[in-house]
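Colleague: I would like a close look at one part of this model, with its surroundings described in order. Please keep to what can be read from the coordinates and the record.

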Amino acid sequence: MTITIKTTMGDVTVMLYDETPLHRDNFLKLTADGTYRDTLFHRVIRDFMVQAGDPESKGAPRGKMLGSGDVGYTVPAEFDVPRHYHKRGALAAARLGDEANPRRESSGCQFYIVVGRKYSEKELRKLERQINESRVEAVFNDEAGKHYDEIKRLRLARDREGLQALLARIEAKAREGVAGQGAFAFTDEQVRDYVEVGGTPFLDGQYTVFGEVTDGMDVIEAIQGVVTDRNDRPVEDIRIIDVVAND
């Protein structure tokens, strides 16, 4: 299924993935309802992405901060990595951060299209290590939370040796658990795309990718090059005239 995003800077055709049916069907529903008609590209960051879909951006006065509008619901995450990832031209759903949204559910309406940059293989291998360490840290924090009372008691007792021993056991358990799941590594296809085409690999598995640009990437490139204010909103409005489903 493809849709065309008609903007004041040109048309962009996007293919929606069948492997992310909740996001696909929601996007088609909003398209049919005219939700995106006259909304703005309200957040544009060079060499990163262009974001749109905020209903509150319709008719918004120049300079108004945007990005908090929604349609009253979220969409469950549909991560399909490594099949679909943040290569240049990827369509993905925006969302609230992990602290307020631990399940990483997507905004019901806001989306972004990736521009990104090219990465060297060395940079990607370094990122892999960082991602694996982040996984260990997340499990460690979860396990440490289960030992909150014991950690508090050891700290109050100034038992430094006992505290370090406990934290070491928790870390060992966290590393063992992550190792049992298998270390994260980019596939050969991901590496090739991120090296030759570009993207934002550090977002993989963090935000749902549910489509990709098949025509009109030059329009997205033009949008990401415009002048923006301190809130990353284009100084001159870039409007979505309409979004239409293609036969």
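Which residue in S8 is the bridge partner of Ala 93?

Modeller: The partner is Phe 111. Please keep in mind that this is a predicted model. The bridge belongs to the pairing of strand S6 (residues 90-93) with strand S8 (residues 111-114), which is antiparallel and runs over 3 bridges. Both strands sit in an open sheet of 8 strands, ordered S3-S4-S8-S6-S9-S2-S1-S10 and paired in the antiparallel sense. Its edges are strand S3 (41-45) and strand S10 (240-245), each of which pairs on one side only. On average, neighbouring strands of the sheet are turned by 25° against each other, direction ignored.

Helix H1 (residues 21-33) packs on this sheet and touches S6 and S8, as well as strand S1 (2-7), strand S2 (10-16), strand S9 (209-215) and S10. The direction of H1 makes about 120° with that of S10.

Phe 111 also belongs to the largest nonpolar core, which has 27 residues; Phe 111 is one of those that touch the most other members, along with Ile 5, Val 14, Phe 27, Phe 41, Ile 220 and Ile 223. Helix H6 (residues 217-224) gives the largest share of this core, 4 residues. Leaving aside residues up to four places away in sequence, Ile 223 touches Met 9, Phe 41, Val 44, Val 50 and Ile 238. Another core, of 10 residues, lies apart from the largest one and includes Tyr 17, Tyr 112, Val 114 and Val 209.

Charged pairs complete the picture. The structure holds 22 salt bridges. In one, the side chains of Arg 24 and Asp 18 meet at 3.0 Å, N to O. Arg 24 counts as buried because its relative accessibility is 16%, under the 20% limit, whereas Asp 18, at 51%, counts as exposed. In another, Asp 98 meets Arg 95 at 2.9 Å, N to O; here Asp 98 is partly exposed at 34% relative accessibility, and Arg 95 is buried at 14%.

The side chains of Arg 239 and Asp 38 also form a salt bridge, at 2.8 Å, N to O. Arg 239 is in the loop between H6 and S10 and Asp 38 in the loop between H1 and S3, so this pair ties together parts 201 residues apart in sequence. Arg 239 is partly exposed, at 32% relative accessibility, and Asp 38 is partly exposed, at 36%.

As for the record, an unreviewed UniProt entry lists residues 7-245 as "domain: PPIase cyclophilin-type". In the model, the end C-alpha atoms of that span lie 15 Å apart, and the span is 36% helix and 18% strand.

Terms used. Residues numbered from 1 in each chain as written. Predicted model: local features only at pLDDT ≥ 70, side-chain atom pairs only at ≥ 80, totals over all residues. Heavy atoms only, no water. Pairing = 2+ DSSP bridges. Helix = DSSP H or I, 4+ residues; strand = E, 2+ residues; numbered from the N terminus. Axes fitted to C-alpha atoms, helices over the stretch in contact; angles between N-to-C directions. Contact = heavy atoms within 4.5 Å. UniProt positions renumbered as here; feature names shortened; annotations may be inferred. Core = buried A, V, L, I, M, F, W, Y, C linked by side-chain atoms within 4.5 Å. Buried < 20%, exposed > 50% of the residue type's maximum accessible area, 1.4 Å probe, protein only. Salt bridge = Lys/Arg side-chain N within 4 Å of Asp/Glu carboxyl O.
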